[in-house]
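Please keep the model open while reading.

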Amino acid sequence: MARSESLEAGAVDLSAVIEQDPLDLRISVSSIVHWADSHEVRRRVMAAVDFPIDDMAMFLVVNQLSYRGAMRPSELASALGTGRANLTKITHRLHDAGLVVRVAAPGDDRGVLVALTPTGREIGARIMNNAGSTFRAALAQWDPADVDTLRRLLARLAEETVSRP
């Protein structure tokens, strides 16, 4: 079909491919991931934590390093879905802002890691506190036993999915 062609809405199935079962784990996990990964939520967090630079890419690097600790540039680029050249530009801006440094990788004479500076760590702590507050508010009315069950099951799901190739 040429780009200039269009079909009438009645000629195309407009429904989701997946049945909209609210108990379908795929839908629940996808909804949470897409919410957390949304531009709107990220912007709101940047404002709430008083991120010092209006640069989403820089925020995402600080966020990743806050969750994972120091990382090799290639691993960080992969986690962010960007290329090494772009990550190099971002880390240079973060370095100039005093938020990250490059350090020698322990046990690897040629390897380097990108790590948060004390200022970067303080901002990372604000990001983590914001995330914690968001979840505490969402779960405030839940029974503590249900929250504990959710924590254990999500940790198990993360372990069993993330460890698979």
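Which helix gives the largest share of the lining of the largest pocket? H7 does, with ten residues.

This is a predicted model: local features need pLDDT of at least 70, side-chain atom pairs count only at pLDDT 80 or more, and totals for chains, interfaces and linings use all residues. Residues are numbered from 1 along each chain as its sequence is written, and side-chain values use heavy atoms, without hydrogens and water.

**The pocket**

A pocket is an open set of points on a 1 Å grid over the protein atoms alone, where a 1.4 Å probe fits, with protein on both sides within 12 Å along at least five of seven lines; lining residues have an atom within 4 Å of a point. The volume of the largest pocket is about 1,800 Å³, the space filled by probe spheres set on the points. Its lining counts 39 residues. Nearest the centre lie Ile32, Val33, Trp35, Ala36 and Phe135.

| Class in the lining | Count |
|---|---|
| Nonpolar | 28 residues |
| Polar (Gly among them) | six residues |
| Charged (Asp, Glu, Lys, Arg) | five residues |

**Helix H6**

Helices are DSSP runs of H or I, at least four residues; strands are E runs of at least two. H6 covers residues 118-138. At 1.5 Å a residue, its 21 residues should span 30 Å, and the end C-alpha atoms are 30 Å apart, which agrees.

Gly120, Ile123, Gly124, Ile127 and Ala131 of H6 are buried (under 20% relative accessible area, 1.4 Å probe, protein chains only). Seen down the axis, the buried residues of H6 fall within an arc of 105°, so they line one face. They pack against helix H3 (56-68) and strand S2 (112-116), with contact meaning heavy atoms within 4.5 Å. The face turned away carries Pro118, Arg121, Asn129, Arg136 and Ala137, which are exposed (over 50%).

Notes
Expected span 1.5 Å × (residues − 1). Arc of directions from axis to C-beta.
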